[in-house]
Amino acid sequence: MSSRIPEMLNMLHGMITEAIGVPLGAGKCVVDRDKALDILDEIRGQFPTEIAEAKRLLDARADFISNAKREADAIKREAEETARRLVDEQEIIKATRVKSNEMLAYAESSSTELRRAANEYVDDAMHRTEEALSVALDEIKRSRQRFRQAARVAAEAPQTAAPTQPPPSIDVDL
C-alpha cells in the first residue's frame, strides 16, 4: 500500500515556503486556509490506514522474532541433547576402556598365578615321583643283592641233599 502522506507533507511545506510574507509580521505569511486544511484532513485520514499498516508490520515482525526465538531454542535444545549424548557415549567408552583394562590386568594376574601354581604342582609331583623311584631303586638294589647271595649259597650247597632251610624270600615293594 503506497502512502501519500510524505507527498502531502511536501505539498504543505511547499505552500508555506512559497507563501507571501505579511508586512511587519516577522516570519508570518498568508496561506490558503482551505487548501492547507484539505491537505491536513487528507493526512489525518491516511493516518489510521498507515497506523494499521505499521501495527500489522510490527505484529509480523514480533511473530517473526518469536518464531526465530522458538526455532533457535529448538536448535539449542537439540544441540545440547546431541552434546549430552556424545558426552554420555564418551563416558561409556571411557568406562568400558577402564573395565576392559581391569579385566585384562585381572586375567594376566590370574594367568601368572595359575602358571606359578601349575609349576609348583608339577615340581612337587616330579619330586615325589623322584623320591618314589629312588626308594624303588634302592629296593631293587637290595633285592638284587639278596638274589645274588641266595644264588651263591645255592651254588655252594651240595646238589643232592635236601634243602634244610627254605630259600630266602624276596620282598619287592613297588
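Met-126 is found in helix H2; helices (H or I, at least four residues) and strands (E, at least two) are DSSP runs, numbered from the N terminus. The model is a predicted one, where local features need pLDDT of at least 70 and side-chain atom pairs count only at pLDDT 80 or more, while totals for chains, interfaces and linings use all residues. Residues are numbered from 1 along each chain as its sequence is written, and side-chain values use heavy atoms, with hydrogens and water left out.

### Exercise 1: The overall plan

Find how many helices and strands the chain has, and in what order the elements run from the N terminus.

Solution. 
- Step 1. The secondary structure comes to 2 helices and 2 strands.
- Step 2. Starting at the N terminus, the order is α-β-β-α.
- Step 3. Helix H1 covers 5-18, and helix H2 covers residues 33-156.
- Step 4. Of the 174 residues, 7% count as buried. Buried means under 20% relative accessible area, exposed over 50%, and partly exposed in between (1.4 Å probe, protein chains only).
- Step 5. Take the contacts (heavy atoms within 4.5 Å) between residues at least 6 apart in sequence: 54% of them join residues at least 24 apart.

### Exercise 2: The largest core

Work out which residues make up the largest nonpolar core and which helix gives the most to this core.

Solution. 
- Step 1. A nonpolar core is a set of buried Ala, Val, Leu, Ile, Met, Phe, Trp, Tyr and Cys residues joined through side-chain atoms within 4.5 Å.
- Step 2. The largest one has 7 residues: Ile-5, Met-8, Leu-12, Met-15, Ala-36, Ile-39 and Ile-43.
- Step 3. H1 and H2 each supply at least two residues of this core, and H1 gives the most, with 4 residues.
- Step 4. Zoom in on Ala-36: leaving aside residues up to four places away in sequence, Ala-36 touches Leu-12, Met-15 and Val-31.
- Step 5. Leu-37 is also placed in helix H2. Leu-37 counts as partly exposed because its relative accessibility is 42%.

### Exercise 3: Charged pairs

Find what Glu-42 forms a salt bridge with, and where the two partners lie.

Solution. 
- Step 1. Side chains of opposite charge can pair when their charged atoms come close. A salt bridge is a side-chain nitrogen of Lys or Arg within 4 Å of a carboxyl oxygen of Asp or Glu, and the count by this rule is 11.
- Step 2. Glu-42 pairs with Arg-4, with the closest N and O atoms 2.8 Å apart.
- Step 3. This pair links distant parts of the chain, since Glu-42 is in helix H2 and Arg-4 in the segment before H1, 38 residues apart.
- Step 4. Glu-42, at 33% relative accessible area, is partly exposed; so is Arg-4, at 35%.
- Step 5. Together with Glu-7, Arg-4 and Glu-42 are linked in a network of salt bridges.
- Step 6. For another kind of pair, turn to Asp-59 and Lys-55, whose salt bridge is 3.4 Å, N to O. Both lie in helix H2, 4 residues apart, about one turn of the helix. Asp-59 is partly exposed at 39%, and Lys-55 is exposed at 52%.

### Exercise 4: Buried or exposed?

Decide whether Glu-139 is buried or exposed, and do likewise for Met-126.

Solution. 
- Step 1. Glu-139 lies in helix H2 and counts as buried because its relative accessibility is 12%.
- Step 2. The side chain of Glu-139 meets that of Arg-146 in a salt bridge of 3.5 Å, N to O. Arg-146 is partly exposed at 30%.
- Step 3. Met-126 counts as exposed because its relative accessibility is 54%.
- Step 4. Tyr-121, Val-122 and Met-126 make a nonpolar surface patch of about 350 Å². Patches are made of residues with over 30% relative accessible area and no salt bridge: like charges are joined within 9 Å, nonpolar side chains (Val, Leu, Ile, Met, Phe, Trp, Tyr) within 5 Å.

Technical notes:
Areas by Shrake-Rupley, 256 points an atom, 1.4 Å probe, with all protein chains shown as cover.
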